[in-house]
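Subject: Structure for you to look over

Dear colleague,

I am handing over the structure below, together with notes on what was found in it. Please read the notes with the structure open beside them.

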Amino acid sequence: MIEIRSSDSTKFDRLLGLCEEHGVSLGIGSECCVHRLPSIEQVDNIARQVENLTVVTPITPQKHYDRMLEYIRGLPRAIRLVVNDVGVLYALYREGGLDGFGPVAAGRGIVHTSEACPWVDHLVRDESEEVKSAFLQTNLNYSRTLQFMKNIGISAMETDMESRTIRAARKTGLTVAGHAEFIAVSYTRSCHTARFFGEQPPSCVRRCNSPMELELVDMFDLSGTPPGFAQPSPEMLEVYPVLYLLGNTVYLKSDCMETAGLERVVINADMYDIDTLNRMIVAM
């Protein structure tokens with residue numbers, strides 16, 4: 001199953017058209033920003049138009065905690081729910097707030113893997129195969145963590161589509177969804193996009209409808225007197241990839257398309273224009 005996913009409400013009508021045309025499913029919401037969530041009314045309206053709707057809820061700062069719980073309580077129960085915050089997930093479990101959703105998935109804000117690091121192979125190049133294997137598991141491959149997640153209602157997980165990560169995720173026995181092409185390298189509490197444009201959330205949400213490219217230009221250098229910034233060395237530039245910023249998440253491109261054993265492939269529609277997205281769906 002292919003799922004096209006967006007946090008941009010201005011795209012929803014066009015994405016609904018693509019879902020109908022290609023027979024793919026739709027996901028709405030955000031992994032990392034409470035201000036990018038669709039309203040409950042929007043969710044209700046879309047849920048009446050498509051089957052297998054996914055709603056994604058984000059990593060949640062403490063000051064938005066109660067608001068997020070209330071938001072999830074108001075969602076229609078027929079949806080597939082993706083939760084990216086362990087505190088929110090546990091609070092809902094304690095009050096029975098996950099009852100009726102099917103299924104509930106742990107998102108990338110909960111499921112972590114070292115393979116998302118742009119230079120992971122350099123970090124482990126001198127290690128034994130046993131160490132490499134242990135290092136490149138997801139955090140849900142730890143039996144106690146996995147059992148805890150299952151006990152509080154998690155039956156699925158989402159992770160980056162990288163070959164070693166996907167193989168590790170399948171070992172958990174959970175239903176696995178893989179995010180195609182763009183790996184989530186890091187999330188921030190202080191939003192890079194808002195800071196770059198000098199705006200305060202939520203007035204900056206329109207800035208997060210398409211990505212920006214990031215290139216390494218200056219590096220903080222402690223060797224100077226006083227310390228300052230210096231240009232990166234050719235060796236550093238060789239291993240430092242082009243990164244992409246969307247909202248408060250930094251992404252890395254991956255050409256992996258290992259879909260065996262996946263329940264669904266997630267495409268982040270906000271990384272593409274509609275024509276490119278259409279061609280990508282057709283190609284898959």
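A salt bridge here is a side-chain nitrogen of Lys or Arg within 4 Å of a carboxyl oxygen of Asp or Glu. Please keep in mind throughout that this is a predicted model.

**Salt bridges**

By that criterion, Arg167 forms a salt bridge with Glu258, with 3.9 Å between the closest N and O atoms. This pair links distant parts of the chain, since Arg167 belongs to helix α8 (residues 163-170) while Glu258 sits in the loop between β13 (249-253) and β14 (264-268), 91 residues apart. Glu258 also forms a salt bridge with Arg170, where the closest N and O atoms are 4.0 Å apart. Because Arg170 lies in helix α8 and Glu258 in the loop between β13 and β14, this pair likewise ties together parts that are 88 residues apart in sequence. As for solvent accessibility, Arg167 counts as partly exposed because its relative accessibility is 38%, Arg170 counts as partly exposed at 33%, and Glu258 counts as partly exposed at 21%.

The structure holds 20 salt bridges in total, and a further one joins the side chains of Asp160 and Arg108, at 2.6 Å from N to O. Here too the pair links distant parts of the chain, with Asp160 in strand β6 (residues 156-160) and Arg108 in the loop between β5 (104-106) and α5 (120-123), 52 residues apart. Both Asp160 and Arg108 are buried. Elsewhere, salt bridges link Glu3, Arg5, Arg80, Glu158, Glu263 and Arg264 into a network.

**The largest pocket**

The volume of the largest pocket is about 860 Å³. Its lining consists of 42 residues, of which Cys32, Cys33, Val34, Cys191 and Asn248 are the closest to the centre of the pocket. Several elements, namely β1 (2-6), α9 (192-197), β13 and β14, each supply at least two residues of this lining, and the largest share, three residues, comes from β14.

**Helix α1**

Which residues of helix α1 (residues 12-22) are buried? They are Phe12, Leu15, Leu16, Leu18 and Cys19. Seen down the axis of α1, these buried residues fall within an arc of 160°, and they therefore line one face of the helix. The face turned away from the buried side of α1 carries Asp13, Glu20 and Glu21, which are exposed. The cover over the buried residues of α1 includes strands β1 and β2 (25-29) as well as helices α2 (40-47) and α11 (274-283). Just after α1, Gly23 takes a positive phi of about 70°.

**Backbone details to check**

Two peptide bonds deserve a look in your viewer. Gly102 and Pro103 are joined by a cis peptide bond, with omega about -15°, and Pro103 lies in the loop between α4 (86-95) and β5. The peptide bond from Pro201 to Pro202 is cis as well, with omega near 5°, and Pro202 is found in the loop between α9 and β9 (212-214).

Because its relative accessibility is 45%, Asn52 counts as partly exposed. Glu181, which is not a glycine either, has a positive phi of about 70°, and Glu181 is located in the loop between β7 (175-179) and β8 (182-187).

With best regards

Technical notes. Residues are numbered from 1 along each chain as its sequence is written. This is a predicted model: local features need pLDDT of at least 70, side-chain atom pairs count only at pLDDT 80 or more; totals for chains, interfaces and linings use all residues. Side-chain values use heavy atoms; hydrogens and water are left out. Helices (H or I, at least four residues) and strands (E, at least two) are DSSP runs, numbered from the N terminus. Buried means under 20% relative accessible area, exposed over 50%, partly exposed in between (1.4 Å probe, protein chains only). On a 1 Å grid over the protein atoms alone, a cavity is a set of points where a 1.4 Å probe fits but cannot get out, and a pocket is an open set with protein on both sides within 12 Å along at least five of seven lines; lining residues have an atom within 4 Å of a point. Grid points are joined across faces, edges and corners, and a volume is the space filled by probe spheres set on the points. The arc is that of the directions from the helix axis to the C-beta atoms. Contact means heavy atoms within 4.5 Å.
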